[in-house]
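Subject: Structure for you to look at

Hello,

Here is the structure I said I would pass on. Please open it first, then read the notes below.

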Amino acid sequence: MNNNLSPWIHQLKITRQIDTLEGCVNTGVAIVGAGIAGVMTSYFVLKNTEKQVFLIEGGRVAHGATGHNAGQLVFEFEREFYSLVEEYGLDLAADAERSVRGAWILLEEIYADANLTTPMSSFMGYNGYATVGRVVEELKNNALRAEAGIQVSPIYVAENAEGIENIPKEYAHLYSIIPKEDILALLETEDTEYVAVVSERKGCVNSALLIEELVGYLLVTYKGRFMLAEDTYISRVVLQADKAILESGVNKVTAEKVVMCTNGFEKFAIDNQAGEAINLKFHHMVKGMVGYMAAYLEELKAPPTALAFFDKEQIAGGHNKETFKEKPYVYMTRRPFEIEKNEHHNLICVGGPEQLLSDREHYVPDGEFMIEAADEIEGFLHKTYKDAPKEAIDFKFKWHGLMGFTNTGLRVVGEEPRNRVLMYNLGCNGVGILTSIFGGKRISDILAGVKLKPSLFEPRREDK
(Lines give C-alpha, C1' and ligand atoms only; values in the text may rest on other atoms or scores of the structure.)
Protein backbone atom coordinates (compact mmCIF):
# COMPACT_ATOMS: atom_id res chain seq x y z
CA MET A 1 0.00 0.00 0.00
CA ASN A 2 1.30 3.48 -0.92
CA ASN A 3 1.23 5.66 2.19
CA ASN A 4 1.83 8.81 0.15
CA LEU A 5 -0.17 8.61 -3.08
CA SER A 6 -0.27 12.03 -4.72
CA PRO A 7 -2.58 12.76 -7.67
CA TRP A 8 0.11 14.99 -9.18
CA ILE A 9 2.80 12.30 -9.22
CA HIS A 10 0.16 9.87 -10.51
CA GLN A 11 -0.17 11.96 -13.68
CA LEU A 12 3.58 12.16 -14.40
CA LYS A 13 4.88 10.21 -17.37
CA ILE A 14 8.65 10.70 -17.55
CA THR A 15 10.20 9.74 -20.87
CA ARG A 16 13.50 11.65 -20.77
CA GLN A 17 16.82 10.14 -19.80
CA ILE A 18 17.79 10.32 -16.10
CA ASP A 19 21.38 11.50 -15.58
CA THR A 20 23.38 11.56 -12.35
CA LEU A 21 26.50 13.53 -11.46
CA GLU A 22 29.70 11.81 -12.50
CA GLY A 23 33.20 13.20 -12.01
CA CYS A 24 33.94 16.91 -11.60
CA VAL A 25 31.93 19.64 -13.29
CA ASN A 26 32.43 23.42 -13.50
CA THR A 27 29.47 25.74 -13.96
CA GLY A 28 28.35 29.31 -13.44
CA VAL A 29 25.40 28.66 -11.13
CA ALA A 30 24.66 25.47 -9.22
CA ILE A 31 21.05 25.17 -8.06
CA VAL A 32 20.25 22.59 -5.39
CA GLY A 33 16.69 21.24 -5.44
CA ALA A 34 14.63 20.49 -8.57
CA GLY A 35 11.20 21.34 -7.25
CA ILE A 36 9.25 24.37 -8.34
CA ALA A 37 11.71 26.79 -6.72
CA GLY A 38 14.79 25.23 -8.32
CA VAL A 39 13.28 24.82 -11.79
CA MET A 40 11.79 28.32 -11.82
CA THR A 41 15.12 29.75 -10.66
CA SER A 42 16.87 27.81 -13.45
CA TYR A 43 14.39 29.15 -16.01
CA PHE A 44 14.86 32.80 -15.07
CA VAL A 45 18.65 32.59 -14.72
CA LEU A 46 18.92 30.98 -18.16
CA LYS A 47 16.53 33.50 -19.71
CA ASN A 48 17.90 36.66 -18.09
CA THR A 49 21.66 35.95 -17.94
CA GLU A 50 24.32 34.23 -20.04
CA LYS A 51 25.37 31.96 -17.18
CA GLN A 52 25.58 28.20 -17.28
CA VAL A 53 23.20 26.45 -14.88
CA PHE A 54 23.59 23.04 -13.25
CA LEU A 55 20.40 21.89 -11.49
CA ILE A 56 20.99 19.15 -8.91
CA GLU A 57 18.30 16.99 -7.30
CA GLY A 58 18.74 14.36 -4.61
CA GLY A 59 15.77 12.36 -5.89
CA ARG A 60 13.75 13.02 -9.03
CA VAL A 61 12.44 16.28 -10.48
CA ALA A 62 9.23 17.45 -8.78
CA HIS A 63 8.96 14.37 -6.54
CA GLY A 64 9.41 16.27 -3.28
CA ALA A 65 7.11 18.98 -1.92
CA THR A 66 6.27 20.09 -5.47
CA GLY A 67 4.67 16.72 -6.18
CA HIS A 68 3.05 16.49 -2.76
CA ASN A 69 1.36 19.84 -2.32
CA ALA A 70 -2.23 21.03 -2.72
CA GLY A 71 -1.73 22.17 -6.33
CA GLN A 72 -3.24 25.53 -5.47
CA LEU A 73 -2.23 28.88 -6.91
CA VAL A 74 -2.99 31.57 -4.39
CA PHE A 75 -1.37 34.71 -3.12
CA GLU A 76 -1.04 34.40 0.62
CA PHE A 77 1.44 35.12 3.37
CA GLU A 78 1.09 33.05 6.53
CA ARG A 79 0.98 36.36 8.37
CA GLU A 80 -1.47 39.21 8.46
CA PHE A 81 -0.50 42.13 6.25
CA TYR A 82 -0.85 44.50 9.18
CA SER A 83 1.72 42.50 11.16
CA LEU A 84 4.21 42.97 8.32
CA VAL A 85 3.47 46.69 8.34
CA GLU A 86 4.00 46.85 12.09
CA GLU A 87 7.37 45.09 11.81
CA TYR A 88 8.78 46.44 8.55
CA GLY A 89 6.77 49.53 7.63
CA LEU A 90 4.09 50.08 4.99
CA ASP A 91 6.39 50.65 2.02
CA LEU A 92 8.38 47.41 2.40
CA ALA A 93 5.27 45.35 3.21
CA ALA A 94 3.42 46.76 0.19
CA ASP A 95 6.38 46.13 -2.13
CA ALA A 96 6.52 42.53 -0.91
CA GLU A 97 2.86 41.97 -1.65
CA ARG A 98 3.04 43.60 -5.08
CA SER A 99 6.07 41.48 -5.96
CA VAL A 100 4.41 38.17 -5.17
CA ARG A 101 1.12 39.15 -6.79
CA GLY A 102 3.17 39.95 -9.88
CA ALA A 103 4.11 36.27 -10.11
CA TRP A 104 0.74 35.68 -11.79
CA ILE A 105 2.04 37.65 -14.77
CA LEU A 106 5.39 35.86 -14.66
CA LEU A 107 3.60 32.50 -14.75
CA GLU A 108 1.56 33.54 -17.77
CA GLU A 109 4.79 34.65 -19.50
CA ILE A 110 6.40 31.28 -18.75
CA TYR A 111 3.43 29.46 -20.29
CA ALA A 112 3.70 31.61 -23.41
CA ASP A 113 7.51 31.42 -23.74
CA ALA A 114 7.75 27.66 -23.21
CA ASN A 115 4.48 26.78 -24.97
CA LEU A 116 3.40 24.80 -21.93
CA THR A 117 0.38 22.53 -22.18
CA THR A 118 -0.06 21.56 -18.51
CA PRO A 119 -3.65 22.56 -17.63
CA MET A 120 -3.95 25.61 -15.40
CA SER A 121 -7.16 27.15 -14.12
CA SER A 122 -7.53 30.71 -12.85
CA PHE A 123 -10.72 32.05 -11.27
CA MET A 124 -12.15 33.96 -8.34
CA GLY A 125 -11.97 31.85 -5.19
CA TYR A 126 -13.39 32.48 -1.75
CA ASN A 127 -12.30 32.46 1.88
CA GLY A 128 -15.07 31.91 4.39
CA TYR A 129 -14.99 33.17 7.97
CA ALA A 130 -16.95 31.97 10.96
CA THR A 131 -16.41 35.03 13.15
CA VAL A 132 -16.69 38.76 12.59
CA GLY A 133 -13.52 39.18 14.64
CA ARG A 134 -11.48 37.48 11.90
CA VAL A 135 -13.19 39.66 9.30
CA VAL A 136 -12.07 42.76 11.19
CA GLU A 137 -8.47 41.56 10.78
CA GLU A 138 -9.02 41.29 7.02
CA LEU A 139 -10.52 44.77 7.00
CA LYS A 140 -7.52 46.10 8.89
CA ASN A 141 -5.29 44.51 6.24
CA ASN A 142 -7.34 46.05 3.44
CA ALA A 143 -7.30 49.50 4.99
CA LEU A 144 -3.51 49.43 4.92
CA ARG A 145 -3.47 48.03 1.39
CA ALA A 146 -5.74 50.86 0.25
CA GLU A 147 -3.42 53.36 1.91
CA ALA A 148 -0.49 51.84 -0.02
CA GLY A 149 -2.39 51.90 -3.31
CA ILE A 150 -2.77 48.13 -3.53
CA GLN A 151 -5.99 46.72 -4.95
CA VAL A 152 -8.11 45.28 -2.15
CA SER A 153 -10.17 42.11 -2.24
CA PRO A 154 -13.98 42.37 -1.98
CA ILE A 155 -15.32 41.44 1.46
CA TYR A 156 -18.92 40.43 2.07
CA VAL A 157 -20.55 40.16 5.51
CA ALA A 158 -23.91 38.54 6.25
CA GLU A 159 -26.58 41.04 7.21
CA ASN A 160 -27.44 39.15 10.40
CA ALA A 161 -23.87 38.23 11.40
CA GLU A 162 -23.30 38.12 15.15
CA GLY A 163 -21.04 40.99 16.16
CA ILE A 164 -21.47 42.99 12.96
CA GLU A 165 -22.14 46.07 15.08
CA ASN A 166 -18.58 45.80 16.44
CA ILE A 167 -16.93 46.39 13.07
CA PRO A 168 -15.15 49.79 13.34
CA LYS A 169 -16.95 52.49 11.39
CA GLU A 170 -13.77 53.51 9.55
CA TYR A 171 -13.94 50.20 7.69
CA ALA A 172 -17.51 50.72 6.41
CA HIS A 173 -16.34 51.45 2.85
CA LEU A 174 -14.25 48.26 2.72
CA TYR A 175 -17.07 45.68 2.88
CA SER A 176 -20.58 45.01 1.65
CA ILE A 177 -23.53 43.54 3.55
CA ILE A 178 -25.35 40.75 1.70
CA PRO A 179 -27.90 38.05 2.65
CA LYS A 180 -26.56 35.06 4.57
CA GLU A 181 -27.71 32.67 1.86
CA ASP A 182 -25.45 34.47 -0.64
CA ILE A 183 -22.46 33.94 1.67
CA LEU A 184 -23.21 30.23 1.85
CA ALA A 185 -23.77 29.97 -1.90
CA LEU A 186 -20.33 31.45 -2.63
CA LEU A 187 -18.75 28.95 -0.24
CA GLU A 188 -20.82 26.04 -1.63
CA THR A 189 -21.91 25.13 1.87
CA GLU A 190 -25.05 24.81 3.96
CA ASP A 191 -23.09 25.30 7.18
CA THR A 192 -24.64 28.42 8.71
CA GLU A 193 -21.58 28.94 10.89
CA TYR A 194 -19.95 31.07 8.19
CA VAL A 195 -20.80 34.75 8.26
CA ALA A 196 -18.42 36.41 5.81
CA VAL A 197 -16.49 35.86 2.59
CA VAL A 198 -13.37 37.37 1.04
CA SER A 199 -13.07 37.03 -2.74
CA GLU A 200 -9.64 36.79 -4.38
CA ARG A 201 -7.93 35.41 -7.46
CA LYS A 202 -6.92 31.77 -7.10
CA GLY A 203 -5.98 28.93 -9.39
CA CYS A 204 -5.17 25.23 -9.72
CA VAL A 205 -2.27 23.48 -11.44
CA ASN A 206 -0.46 20.16 -11.19
CA SER A 207 2.86 21.74 -10.22
CA ALA A 208 4.75 18.46 -10.69
CA LEU A 209 3.49 18.14 -14.27
CA LEU A 210 4.20 21.83 -14.87
CA ILE A 211 7.80 21.53 -13.63
CA GLU A 212 8.49 18.31 -15.54
CA GLU A 213 7.29 19.95 -18.74
CA LEU A 214 9.36 23.09 -18.08
CA VAL A 215 12.49 20.98 -17.46
CA GLY A 216 12.01 19.38 -20.88
CA TYR A 217 11.81 22.85 -22.43
CA LEU A 218 15.02 23.98 -20.68
CA LEU A 219 16.95 20.89 -21.72
CA VAL A 220 16.11 21.52 -25.38
CA THR A 221 16.20 25.31 -25.48
CA TYR A 222 19.38 25.82 -23.46
CA LYS A 223 21.33 22.78 -24.56
CA GLY A 224 24.98 23.44 -23.67
CA ARG A 225 24.07 25.95 -20.92
CA PHE A 226 21.72 23.81 -18.83
CA MET A 227 22.55 20.53 -17.14
CA LEU A 228 20.42 18.41 -14.82
CA ALA A 229 21.56 15.72 -12.40
CA GLU A 230 19.00 13.62 -10.52
CA ASP A 231 19.56 10.97 -7.85
CA THR A 232 22.51 13.14 -6.82
CA TYR A 233 22.59 13.87 -3.12
CA ILE A 234 24.78 16.80 -2.07
CA SER A 235 26.36 16.07 1.31
CA ARG A 236 28.63 19.12 1.69
CA VAL A 237 28.86 22.62 0.30
CA VAL A 238 32.26 24.31 0.67
CA LEU A 239 32.14 28.08 0.29
CA GLN A 240 35.25 30.01 -0.67
CA ALA A 241 35.63 33.70 -1.41
CA ASP A 242 34.84 33.38 -5.11
CA LYS A 243 33.29 29.95 -5.63
CA ALA A 244 31.43 27.03 -4.12
CA ILE A 245 32.32 23.35 -4.24
CA LEU A 246 29.40 20.92 -3.92
CA GLU A 247 30.31 17.38 -2.93
CA SER A 248 28.35 14.24 -3.75
CA GLY A 249 30.55 11.31 -2.75
CA VAL A 250 33.69 11.53 -4.89
CA ASN A 251 31.88 13.71 -7.45
CA LYS A 252 32.06 17.49 -7.28
CA VAL A 253 30.50 20.57 -8.83
CA THR A 254 32.42 23.86 -8.73
CA ALA A 255 30.31 26.97 -9.28
CA GLU A 256 30.61 30.72 -9.12
CA LYS A 257 27.32 30.82 -7.22
CA VAL A 258 25.18 28.21 -5.48
CA VAL A 259 21.43 28.70 -4.93
CA MET A 260 19.67 26.64 -2.26
CA CYS A 261 16.11 25.83 -3.37
CA THR A 262 15.54 23.05 -0.86
CA ASN A 263 13.19 22.83 2.10
CA GLY A 264 16.08 24.17 4.14
CA PHE A 265 16.81 21.42 6.65
CA GLU A 266 18.18 18.44 4.73
CA LYS A 267 21.21 16.51 5.97
CA PHE A 268 24.07 18.40 4.38
CA ALA A 269 26.78 20.61 5.78
CA ILE A 270 27.80 24.12 4.74
CA ASP A 271 31.48 24.89 5.32
CA ASN A 272 32.20 28.59 4.91
CA GLN A 273 35.95 28.87 4.48
CA ALA A 274 35.81 32.58 3.74
CA GLY A 275 34.06 33.95 6.80
CA GLU A 276 31.77 33.24 9.72
CA ALA A 277 30.09 29.87 10.21
CA ILE A 278 26.82 29.48 8.28
CA ASN A 279 25.89 25.83 8.78
CA LEU A 280 23.86 26.06 11.99
CA LYS A 281 22.34 29.40 10.99
CA PHE A 282 21.11 27.84 7.77
CA HIS A 283 19.65 24.73 9.33
CA HIS A 284 17.83 26.80 11.96
CA MET A 285 16.41 29.16 9.33
CA VAL A 286 13.58 26.83 8.31
CA LYS A 287 11.41 24.47 10.34
CA GLY A 288 9.65 21.45 8.90
CA MET A 289 5.89 21.04 8.73
CA VAL A 290 4.14 18.01 7.24
CA GLY A 291 0.86 18.84 5.52
CA TYR A 292 -1.78 16.13 5.00
CA MET A 293 -4.16 16.11 2.04
CA ALA A 294 -6.76 13.76 0.58
CA ALA A 295 -8.82 13.71 -2.60
CA TYR A 296 -11.74 11.88 -4.17
CA LEU A 297 -13.42 11.90 -7.58
CA GLU A 298 -16.84 13.25 -8.45
CA GLU A 299 -18.77 13.79 -11.65
CA LEU A 300 -17.37 16.47 -13.96
CA LYS A 301 -20.27 18.88 -13.58
CA ALA A 302 -18.95 22.00 -11.80
CA PRO A 303 -16.24 24.52 -12.71
CA PRO A 304 -12.85 24.71 -10.94
CA THR A 305 -12.76 26.48 -7.61
CA ALA A 306 -10.60 27.02 -4.55
CA LEU A 307 -12.10 27.66 -1.15
CA ALA A 308 -10.65 28.21 2.31
CA PHE A 309 -12.58 27.94 5.57
CA PHE A 310 -11.46 29.80 8.66
CA ASP A 311 -13.25 27.99 11.45
CA LYS A 312 -13.88 28.97 15.04
CA GLU A 313 -11.70 26.12 16.24
CA GLN A 314 -8.33 24.77 15.23
CA ILE A 315 -8.06 21.59 13.20
CA ALA A 316 -5.75 18.64 13.76
CA GLY A 317 -2.11 19.61 14.04
CA GLY A 318 -2.92 23.01 15.52
CA HIS A 319 -2.19 26.38 13.94
CA ASN A 320 -0.58 28.77 16.37
CA LYS A 321 2.59 30.77 16.75
CA GLU A 322 4.46 27.68 17.84
CA THR A 323 3.64 26.11 14.48
CA PHE A 324 4.23 29.32 12.50
CA LYS A 325 0.68 29.96 11.34
CA GLU A 326 -1.52 32.73 12.61
CA LYS A 327 -4.69 31.58 10.86
CA PRO A 328 -6.28 28.12 11.24
CA TYR A 329 -8.03 27.04 8.08
CA VAL A 330 -9.00 24.15 5.82
CA TYR A 331 -8.52 24.51 2.07
CA MET A 332 -10.43 22.79 -0.70
CA THR A 333 -10.01 22.77 -4.47
CA ARG A 334 -12.00 21.30 -7.32
CA ARG A 335 -10.53 20.83 -10.77
CA PRO A 336 -10.87 18.53 -13.82
CA PHE A 337 -8.74 15.41 -13.51
CA GLU A 338 -7.97 12.56 -15.87
CA ILE A 339 -7.44 9.50 -13.69
CA GLU A 340 -6.96 7.19 -16.67
CA LYS A 341 -6.87 8.02 -20.35
CA ASN A 342 -10.17 9.54 -21.48
CA GLU A 343 -11.73 9.09 -18.03
CA HIS A 344 -12.48 12.63 -16.88
CA HIS A 345 -13.74 13.59 -13.44
CA ASN A 346 -13.55 16.45 -11.01
CA LEU A 347 -10.97 15.96 -8.30
CA ILE A 348 -11.95 17.29 -4.88
CA CYS A 349 -8.82 17.97 -2.80
CA VAL A 350 -8.84 18.96 0.86
CA GLY A 351 -5.96 19.81 3.17
CA GLY A 352 -5.41 21.44 6.53
CA PRO A 353 -4.15 18.94 9.13
CA GLU A 354 -0.47 19.46 9.82
CA GLN A 355 2.27 18.05 11.99
CA LEU A 356 5.29 20.00 13.18
CA LEU A 357 8.68 18.29 12.91
CA SER A 358 11.12 18.89 15.73
CA ASP A 359 14.74 19.80 15.01
CA ARG A 360 15.75 16.21 15.63
CA GLU A 361 13.14 14.53 13.47
CA HIS A 362 13.35 13.92 9.76
CA TYR A 363 10.55 13.60 7.29
CA VAL A 364 9.85 10.11 5.93
CA PRO A 365 8.46 10.47 2.38
CA ASP A 366 6.74 7.09 2.45
CA GLY A 367 5.66 7.41 6.10
CA GLU A 368 2.15 6.48 7.23
CA PHE A 369 -0.73 8.82 6.47
CA MET A 370 -2.20 9.85 9.83
CA ILE A 371 -5.60 8.26 10.42
CA GLU A 372 -6.58 11.35 12.39
CA ALA A 373 -5.87 13.53 9.34
CA ALA A 374 -8.13 11.44 7.11
CA ASP A 375 -10.90 11.53 9.73
CA GLU A 376 -10.51 15.29 10.09
CA ILE A 377 -10.74 15.84 6.33
CA GLU A 378 -13.77 13.55 5.94
CA GLY A 379 -15.49 15.22 8.88
CA PHE A 380 -14.90 18.63 7.33
CA LEU A 381 -16.35 17.54 3.98
CA HIS A 382 -19.50 16.06 5.51
CA LYS A 383 -20.02 19.17 7.62
CA THR A 384 -19.12 21.84 5.10
CA TYR A 385 -19.14 20.86 1.40
CA LYS A 386 -22.77 20.64 0.32
CA ASP A 387 -22.06 18.24 -2.56
CA ALA A 388 -19.93 15.83 -0.53
CA PRO A 389 -21.03 12.18 -0.54
CA LYS A 390 -23.45 11.41 2.27
CA GLU A 391 -21.83 8.04 2.95
CA ALA A 392 -18.21 7.26 3.80
CA ILE A 393 -15.88 8.96 1.31
CA ASP A 394 -13.74 6.79 -0.93
CA PHE A 395 -10.50 8.77 -1.07
CA LYS A 396 -8.67 7.90 -4.28
CA PHE A 397 -5.55 9.72 -3.07
CA LYS A 398 -4.07 10.39 0.35
CA TRP A 399 -0.74 12.16 0.51
CA HIS A 400 1.51 14.27 2.67
CA GLY A 401 4.23 16.76 1.85
CA LEU A 402 7.03 18.57 3.61
CA MET A 403 6.78 22.34 3.88
CA GLY A 404 9.49 24.70 5.06
CA PHE A 405 8.37 27.41 7.48
CA THR A 406 10.74 30.28 8.18
CA ASN A 407 10.84 32.06 11.52
CA THR A 408 9.62 35.28 9.88
CA GLY A 409 6.80 33.64 7.93
CA LEU A 410 8.34 35.01 4.73
CA ARG A 411 10.26 33.37 1.92
CA VAL A 412 14.04 33.87 1.99
CA VAL A 413 15.33 35.15 -1.35
CA GLY A 414 18.77 36.59 -1.99
CA GLU A 415 22.43 36.40 -1.02
CA GLU A 416 23.74 35.05 2.26
CA PRO A 417 25.33 38.07 4.00
CA ARG A 418 28.16 35.97 5.48
CA ASN A 419 29.25 34.82 2.02
CA ARG A 420 27.49 36.08 -1.10
CA VAL A 421 28.55 33.06 -3.12
CA LEU A 422 25.61 31.34 -1.39
CA MET A 423 22.08 32.34 -2.35
CA TYR A 424 18.58 31.24 -1.29
CA ASN A 425 15.12 30.81 -2.77
CA LEU A 426 13.43 28.81 -0.04
CA GLY A 427 10.77 28.66 2.65
CA CYS A 428 7.35 27.99 1.11
CA ASN A 429 5.51 28.75 4.37
CA GLY A 430 2.58 26.66 3.16
CA VAL A 431 1.83 28.63 -0.01
CA GLY A 432 4.87 28.27 -2.21
CA ILE A 433 4.09 28.27 -5.93
CA LEU A 434 3.77 31.99 -6.62
CA THR A 435 6.49 32.91 -4.12
CA SER A 436 8.84 30.36 -5.75
CA ILE A 437 8.27 32.02 -9.13
CA PHE A 438 8.86 35.48 -7.71
CA GLY A 439 11.98 34.21 -5.92
CA GLY A 440 13.41 32.70 -9.10
CA LYS A 441 12.98 35.97 -10.98
CA ARG A 442 14.60 37.97 -8.19
CA ILE A 443 17.60 35.60 -8.06
CA SER A 444 18.08 36.08 -11.81
CA ASP A 445 17.92 39.86 -11.40
CA ILE A 446 20.62 39.74 -8.72
CA LEU A 447 22.84 37.58 -10.91
CA ALA A 448 22.23 39.89 -13.88
CA GLY A 449 23.39 42.89 -11.85
CA VAL A 450 20.00 44.59 -11.73
CA LYS A 451 19.83 47.26 -9.04
CA LEU A 452 17.00 46.12 -6.78
CA LYS A 453 15.12 47.85 -4.00
CA PRO A 454 15.49 46.44 -0.47
CA SER A 455 13.10 43.56 0.19
CA LEU A 456 11.47 41.79 3.12
CA PHE A 457 12.68 38.54 1.59
CA GLU A 458 16.41 39.27 1.88
CA PRO A 459 18.37 36.89 4.14
CA ARG A 460 19.05 38.54 7.47
CA ARG A 461 21.70 38.12 10.08
CA GLU A 462 19.60 37.21 13.08
CA ASP A 463 22.59 37.44 15.41
CA LYS A 464 23.08 41.12 14.62
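**Helix α8**

The buried residues of α8 are covered by several elements, including α1, α2 (36-48), α5 (103-114), β7, β8 (226-229) and α11 (433-447). Keep in mind that this is a predicted model. The buried residues in question are S207, A208, L210, I211, E212, L214, V215, Y217 and L218. At the start of α8, N206 has a side-chain oxygen within 3.1 Å of the backbone nitrogen of A208. The length of α8 agrees with expectation, because 15 residues at 1.5 Å a residue should span 21 Å and the end C-alpha atoms are 21 Å apart.

**The second largest pocket**

The second largest pocket holds about 630 Å³ of space. Its lining has 26 residues, and Q11, T118, P119, N206 and L209 lie nearest the centre. Elements that each supply at least two lining residues are α1 (7-10), β4 (120-129), β7 (196-205), α8 (207-221) and β15 (330-340). The largest share, six residues, comes from β15. Sorted by class, the lining has ten nonpolar, eight polar and eight charged residues.

**N141**

N141 is in helix α6, residues 132-148. Is N141 buried or exposed? Its relative accessibility is 1%, so N141 counts as buried, the cut-off for buried being under 20%. Leaving out residues up to four places away in sequence, N141 touches E80, F81 and Y82. With E80 there is also a polar contact between the two side chains, at 2.7 Å.

Regards

Methods
Residues numbered from 1 in each chain as written. Predicted model: local features only at pLDDT ≥ 70, side-chain atom pairs only at ≥ 80, totals over all residues. Heavy atoms only, no water. 1 Å grid on protein atoms, 1.4 Å probe; cavity = no way out; pocket = protein on both sides within 12 Å on 5 of 7 lines; lining within 4 Å. Points joined across faces, edges and corners; volume = space filled by probe spheres on them. Helix = DSSP H or I, 4+ residues; strand = E, 2+ residues; numbered from the N terminus. Nonpolar A, V, L, I, M, F, W, Y, C, P; charged D, E, K, R; others polar. Expected span 1.5 Å × (residues − 1). Buried < 20%, exposed > 50% of the residue type's maximum accessible area, 1.4 Å probe, protein only. Contact = heavy atoms within 4.5 Å. Polar contact = N/O pair within 3.5 Å; in protein donor to acceptor, adjacent residues only side chain to side chain.
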